Amino acid sequence: MKYVFKNAMVLTMNNDELLESCDVLVENDQISAVGSLNNEQINNARVIDASGKLLMPGLINAHCHVPMTLLRNYADDLNLQTWLFDHIFPVEERLQGEDIYYGSLLGIMEMIASGTTCFIDMYDHMDDLARAVEESGIRAQLSRGMMNTGSGPDFSEDARLNESIDFYKKWNGAANGRITGAFAPHAIYTCSPAYIRTIVETAQKYDAPIHVHLDETLTEHEDCLKKYGKTPTKHLLDLGVFEQKTVAAHCVWITEDDARILADKKVTMAHNPSSNLKLASGIAPVPKALSMGVNVALGTDGASSNNNLNMFEEIHLAALIHKGTNRDPLLINAMESLKMATLNGATALGMDNMGVIKEGAKADVILIDMDKPHLMPIHNIVSALAYSVQASDVCLTMVDGVILYENGEFKTIDKEKVIHGIKKCYERIFQ
Ligand code: NI
């Protein structure tokens with residue numbers, strides 16, 4: 001299929017370039033031209049009038065647990081340990097494949113309606129999650145979250161590890177490459193060192209990336225110092241985790257030395273401002289990490305600790321909270337925050353043809369209706385995107401050259417079926 005976005009404002013994210021009125025040609029899964037197009041290029045294309053609208057790369061959610069939409073507003077105003085161990089884990093024990101499938105589709109609907117085109121996720125019942133990704137047309141890096149059950153040292157019979165391997169073999173590169181796999185030791189407080197080492201060896205065998213929670217709370221940080229005599233980051237470094245391409249979610253309590261390790265090892269820090277604020281985990285030292293060369297991406301975390309999957313809200317918060325807590329209005333400007341949600345997310349995935357509008361890049365793009373009272377006048381588009389845009393201003397979402405959402409309509413997901421499915425799951429799990 002061939003599309004032309006005609007007369008769009010384009011924020012390319014390529015050297016901060018902003019094009020005032022421009023045509024963008026999409027052929028198959030790629031952007032094939034940016035600029036004025038001739039008749040031959042436009043021939044046989046669907047022309048989308050994008051005047052008054054802004055085209056930009058789709059947002060990349062670097063840390064999520066998408067099926068947790070089912071637990072949205074279920075357990076709030078609690079600290080992380082109580083929330084997770086007393087409320088979330090017991091319900092998750094009861095979840096079945098169907099719950100994961102519908103919970104994922106619900107989350108994906110929310111994501112594509114708010115401009116997210118790709119997400120990095122760890123959860124359980126991954127075949128059902130991957131099926132939702134495959135059918136919906138969104139892009140995702142997926143991994144089965146692993147926690148220790150056996151004591152080791154031999155984990156060859158470990159069910160979660162074996163599921164992870166089977167999942168990776170089955171789904172990595174599936175759906176025209178939209179789905180990629182990873183290995184996910186959940187966190188240092190749920191995985192023993194021997195278990196993490198085994199997971200690393202497995203990831204090495206498949207040359208696969210790693211997704212892990214890291215240094216999320218002060219409790220995690222202090223317990224690690226007591227138990228292992230080092231910080232959580234140093235602990236994962238010594239276990240060899242960072243030899244694989246790694247996305248580490250949170251990193252709230254990292255030290256300056258830790259940030260140096262993350263920069264040296266090219267580990268992506270997935271910053272989750274809403275989740276960290278809601279669980280009162282703290283505020284990650286993002287300005288410091290960025291200044292030391294750490295790749296910082298943005299994520300929502302699951303919908304039960306956020307309680308939505310709205311990346312524009314994360315962009316907004318990321319651009320505000322570091323200013324406020326450091327009493328420095330120059331920290332994390334609008335463009336830096338947008339980069340975290342686009343380019344840096346692509347870097348986290350090792351995809352230099354994503355998170356940017358340029359010839360040859362993946363056609364993962366969104367269109368934003370700028371013709372709204374809360375966006376006028378448009379003095380500065382970058383500021384408008386970070387500080388004024390609402391997720392509901394997204395009017396079109398395209399992934400891999402396929403339109404998934406346009407003017408309030410889901411093109412690949414049957415909304416009524418998902419709502420019906422969610423109601424059934426909700427009744428079975430909670431009533
Ligand atoms: Ni998480």
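**View A. An exposed asparagine in a loop.** At 52% relative accessibility, asparagine 73 counts as exposed, because the cut-off for that label is over 50%, with buried under 20% and partly exposed in between (1.4 Å probe, protein chains only). You will find asparagine 73 in the loop between strand 6 (59-64) and helix 2 (80-92). Its phi is near 60°, a positive value in a residue other than glycine. Helices (H or I, at least four residues) and strands (E, at least two) are DSSP runs, numbered from the N terminus.

A note before you go on: this is a predicted model, in which local features need pLDDT of at least 70, side-chain atom pairs count only at pLDDT 80 or more, and totals for chains, interfaces and linings use all residues. Residues are numbered from 1 along each chain as its sequence is written, and side-chain values use heavy atoms, leaving out hydrogens and water.

**View B. A buried histidine in a strand.** Histidine 250 belongs to strand 12 (residues 246-250). Here too phi is positive in a residue other than glycine, near 90°. With 0% relative accessibility, histidine 250 counts as buried.

**View C. Strand 15 and its two partners.** Strand 15 (residues 365-369) is largely enclosed by the rest of the structure, because four of its five residues are buried. Five bridges tie strand 15 to strand 5 (residues 53-57), and the two run antiparallel. Look for proline 57 opposite valine 365 of strand 15. Strand 16 (residues 394-399) also runs antiparallel to strand 15, joined by four bridges. There, isoleucine 366 has threonine 397 of strand 16 as its bridge partner. Strands are taken to pair if DSSP finds at least two bridges between them.

**View D. Two cis peptide bonds in loops.** The bond from asparagine 306 to asparagine 307 is cis, with omega near 10°. Asparagine 307 sits in the loop between strand 14 (295-298) and helix 12 (311-326). The other cis bond shown joins methionine 376 and proline 377, with omega about -10°. Proline 377 lies in the loop between strand 15 and helix 15 (381-388).

**View E. Stepping back to the chain.** The protein chain has 16 helices and 18 strands, and 59% of its 431 residues count as buried. Its C-alpha trace spans about 65 × 50 × 40 Å along the principal axes. Of the contacts (heavy atoms within 4.5 Å) with a separation of 6 or more, 73% come from residues 24 or more positions apart.
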